[in-house]
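I opened my notebook to look up a few things in this structure. My notes follow in the order I took them.

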Amino acid sequence: MDFSSKILENAVNEVSRLPGIGKRTALRLVLHLLKQPKENTSYLSEALLHLRNDVKSCENCHNISDTVLCDICNNPKRNEEIVCVVEDIRDVMAIESTSQFKGLYHVLGGKISPIEGIGPQNLQIESLVNKVEKGIIKELIFALSSTMEGDTTNFYIYKQIEKYNITTSTIARGISVGDELEYADEVTLGRSIINRIPFSQSIKN
């Protein structure tokens, strides 16, 4: 792809680094920005800088937050005795959109994947076990995607907390095996949360 401007080429190259964005799509986006009033581009650049510089990780659940504790953890109406374990922020957003879950979350930041070099030490598993040790949590809901990596992560956490007096459940398999949680429709995901089953039963199956 030939460019008449080095500045344009650099902008296209940077935008094409985003996932799912090829060079042609990046060029179309950059040209669109060029056609917009300058203040619109400024708003976008300021929003991105604000995102990188000021966004935080919730100290309790590791969700993305503007403050030390996210709005969910700060909500006194949420049930702190029930914690839903998810892979990342997109899963929190997916479950929240169902309006069926009133507990708290714990964001692992990924799932165990030896092929990708991701082990338990690379995830927020230790902090989850520490929460369980404190005795406040009564139930953990495993809501990771139903893939081999997701099941491996669920089982690893289950073994770490097995000695504690806590209920463990997993979302019902209304979610197809191999599917990522964020792509499930709201009705199916909501029903999966409501109809969750004991985790020990999912192992036997």
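This is a predicted model: local features need pLDDT of at least 70, side-chain atom pairs count only at pLDDT 80 or more; totals for chains, interfaces and linings use all residues.

**A nonpolar patch on the surface**

I began with the surface. I found a nonpolar patch made of L33, L44, L48, L51, V55 and I64. Together these residues have about 480 Å² of accessible area.

I then picked out L44, which sits in helix α3. Is L44 buried or partly exposed? I noted a relative accessible area of 38% for L44. L44 is therefore partly exposed, because that value lies between the 20% and 50% cut-offs.

The mean pLDDT of the protein is 88. I also noted that 85% of its residues reach 70 or more.

Where is confidence lowest? I found it in helix α9, residues 199-204, at a mean of 63. Confidence is highest in strand β4, residues 103-107, at 98.

**R78 in its loop**

I turned to R78. This residue lies in the loop between α4 (71-74) and β3 (79-86). R78 has a relative accessible area of 15%. That is under 20%, so R78 counts as buried.

What does the side chain of R78 reach? I found the backbone oxygen of G103 at 2.9 Å. The backbone oxygen of F101 lies 3.2 Å from a polar side-chain atom of R78.

Last, I listed contacts, leaving aside neighbours within four places in sequence. R78 is in contact with I72, E96, F101, K102, G103, L104 and Y105.

Definitions and conventions. Residues are numbered from 1 along each chain as its sequence is written. Side-chain values use heavy atoms; hydrogens and water are left out. Helices (H or I, at least four residues) and strands (E, at least two) are DSSP runs, numbered from the N terminus. Buried means under 20% relative accessible area, exposed over 50%, partly exposed in between (1.4 Å probe, protein chains only). A polar contact is a pair of N or O atoms within 3.5 Å; within protein, one must be able to donate a hydrogen and the other to accept it, and residues adjacent in sequence count only if both atoms are side-chain atoms. Contact means heavy atoms within 4.5 Å. Patches are made of residues with over 30% relative accessible area and no salt bridge: like charges are joined within 9 Å, nonpolar side chains (Val, Leu, Ile, Met, Phe, Trp, Tyr) within 5 Å. Accessible areas come from the Shrake-Rupley method with a 1.4 Å probe; for residues, only the protein chains shown count as cover. A salt bridge is a side-chain nitrogen of Lys or Arg within 4 Å of a carboxyl oxygen of Asp or Glu. pLDDT is the predictor's confidence in each residue, from 0 to 100.
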